[in-house]
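Please look over the following protein chain before reading the notes on it. The notes go from the whole chain to single residues.

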Amino acid sequence: MLDGLDPEQRAVATTLRGPVCVLAGAGTGKTRAITHRIAYGVRTGVLQPAGVLAVTFTARAAGEMRGRLRALGAGGVQARTFHSAALRQLQYFWPKAVGGEPPRLVERKVQLVAEAAARSRIRLERAELRDVTSEIEWAKVTRTTPEDYPAAVAKSSREAPRDPAETSRIYAAYEQLKQDRSVIDFEDVLLLTVGILQERPDIADTVRRQYQHFVVDEYQDVSPLQQGLLELWLGDRDNLCVVGDASQTIYSFTGATPDHLLNFRLRHPGATVVKLVRDYRSTPQVVHLANGLLAQARGRAAEHRLELVSQRPPGPEPVFAEHPDEPTEAESTARRVRDLIAAGTPASEIAVLFRINAQSEIYEQALADAGVPYQLKGAERFFERPEIRQAGLALRGASRAGGNDTALEGLEDRRLAERVAAVLGGTGWTPDPPTGSGAARDRWESLRALVRLAEEFGAARPEASLRDFVEELDERARAQHAPTVDGVTLASLHTAKGLEWDAVFLVGLTEGMLPITYARTPEQIEEERRLLYVGVTRARKLLSLSWALARSPGGRAGRRPSRFLEGLRPGSGARGGSAGARAGGVERGAGAGSRRRQRGPVPCRVCGRTLTEAAELKLRRCADCPSTMDEGLYERLREWRLERATELGRPAYTVFTDVTLMAIAETSPSEMRELSRISGVGPHKLRQFGDQVLRLCAGLPADPEPGAGADPATDPGPEAPGEAGDPWAGPVDEPDPEPVDPGEDPPGDPDDAFEDLFGERSEAESRGPGKTAGK
């Protein structure tokens, strides 16, 4: 079971007890690691298959995980999306918790939102309708009610697509419509399941007896609502393994946040953290470009990026191509795709990726003109296509008829794929593709995908019958786990998440498209950078990045290549970098032999509530509890920090973070011992800045007048050897050692519990000197 795993993957697979956090870079084999972990636990008897629930974010990923687990002998494990797992529980417990039949699920809410807008006498265009629907989804996953929506938008600095008061009215009318018609949406599935588990301890206990161990994939994309459901599933247990990569957080507009991943060690001080950085997907050339792209990133996620190390042989350098206009860019891309196919690269191993779906049309036309088959990812679901429904009925009928089906006459001993092809022949499919493109070619490609799936299924299970294949199709249809269509993939960057190809063409990389025009804040810009990073890391061997200077032939060449390519494309200047990336390895938590001590609960010093968030732990009070902060001192500290950061040529947060400055301004220490007790002020920073901070707290200038003697209250004593005159003698990202006074070690100090892994910087503080947001 453990053969073929690298040391870090093996650590994931064999650490079966307690909380585990896997920080997995793109292409590092995270799915392999966690499926082997589950299967190894089942084989060794540590885990019971029926007691494991593995959750991820797409039906395709869940289907892939189930397939791998079956192949590894752990077929009884539940692998589902959050919504699928919650829906099963909701349907099962509804009669007991509420009574009667559960409400009908509405899969597409757009029509209901349109009716709600009409009831509210608000006219919405098609694009506006989509925007309002997205806002309603965001509100629900962040657990925001209609009446609280305007305030929540203002508090989160979210740029609402229209007047929040109007959206609030539509949201309220939408909720009333659902109630009137006894229907629920996907977000309600989670909300209602959370409500039942909260209100009915007996039902919560039943769920917890069923599932003793949880695995969460893509943990950087968890929303507050999903995190709340996960905590209810867990109860007071800690048998939890989470897997994620903050550098691939690209769904914050839906309410997803990497904070749960980055704060995992704070919530679980005894957690084992494993970092996977060996990239088995991409060549060194692709990995080098991906690492260089993230080296320019800013923000909390960027400070904890993983430096990937390619494990593949060298390949070609990425190609950067500038074109005079969009049609020329599309035609050039289509020619290169056609040449790759002619040279032996399968069409299904090539992808053209763009920022928004509206960019696809010109590439569809260019590929069709070049005679290249393609499939549009994110279009109609595979198993909902008419030809696939018809094929399913034919295959099901043939499996029931057995040898009595005329299409299978004389084929009883033939391979499964031949029998499937014979049945599909009755629906009009032929082994030879139709000429040209369009609907006929799309239909043929869909049916060809079924035949190829039968080939793969028959190779894995030589004795499989037609009935077995139909059962496999039913399972895939339930999970929306579509087979691969033999054509070039056209997809948006968001849709491409979780997929990979031999050759990837990233097109339309201009300012205004990537980053997109409406990305204005530093956080939004960084998410656009991560989106490009996701696109780059989809490529195994060949990578092309292109842009056009004008939209149409003869148009004004006023476009500029994306700022994210600065320092990466030839002739664009030197590349700047952010703080050093994290290396791979295994770090055991406080409960697993670490030198760090596990902390007990930390109460708020005002109301007594147990604190969990990093900022609250630093301040030792709830964010909403009254503050005793000296506003004047806080402003003096910020001005001083800006001066120090400017002198050192460093971001402001490397001196002290906003939260640490707030804690200092609330405590106003008068001596080194008091200052050392503040979280975020370790011995290293105490030696660097302690005397100046104490002088500011005393109302004095940070620097003493020339000729003045040392202040005994602030003099830290002789400097350690090798540190004299060097304010950056130690690495910036190195965690502060234990506080000066072991007897006064501050409880719950994030420096000890998690800062060496996930850091203390907030997104606002990562913007650089003088740009931190107020609290």
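The model is predicted: local features need pLDDT of at least 70, side-chain atom pairs count only at pLDDT 80 or more, and totals for chains, interfaces and linings use all residues. Residues are numbered from 1 along each chain as its sequence is written, and side-chain values use heavy atoms, with hydrogens and water left out.

**Whole chain**

- The chain has 28 helices and 19 strands; helices (H or I, at least four residues) and strands (E, at least two) are DSSP runs, numbered from the N terminus.
- Of its 775 residues, 53% count as buried. Buried means under 20% relative accessible area, exposed over 50%, and partly exposed in between (1.4 Å probe, protein chains only).
- Among contacts (heavy atoms within 4.5 Å) between residues at least 6 apart in sequence, 77% join residues at least 24 apart.

**Nonpolar cores**

- A nonpolar core is a set of buried Ala, Val, Leu, Ile, Met, Phe, Trp, Tyr and Cys residues joined through side-chain atoms within 4.5 Å.
- The largest core has 41 residues, and Phe82, Val216, Leu230 and Trp233 have the most contacts inside it.
- Apart from this core lies another, of 36 residues, including Trp501 and Leu545.

**Helix H22**

- Helix H22 (residues 522-536) has 15 residues, which at 1.5 Å a residue should span 21 Å; its end C-alpha atoms are 21 Å apart, which agrees. The expected span is 1.5 Å times one less than the number of residues.
- In H22, 12 of the 15 residues are buried, among them Ile525, Leu531 and Tyr533.
- The buried residues of H22 pack against helices H14 (284-295) and H15 (300-303) and strands E12 (350-354), E15 (501-506) and E16 (539-548).

**Two single residues**

- Ile38 is found in helix H2 (residues 30-43) and is buried, because its relative accessible area is 0%.
- Among the residues that Ile38 touches are Leu47, Val52 and Val215.
- Ala118 is in helix H5 (residues 110-119) and counts as exposed, because its relative accessible area is 54%.
- Ala118 and Ala173 are 55 residues apart in sequence and 9.4 Å apart in space, C-alpha to C-alpha.

Definitions and conventions:
Lists of a residue's contacts leave out its neighbours within four places in sequence.
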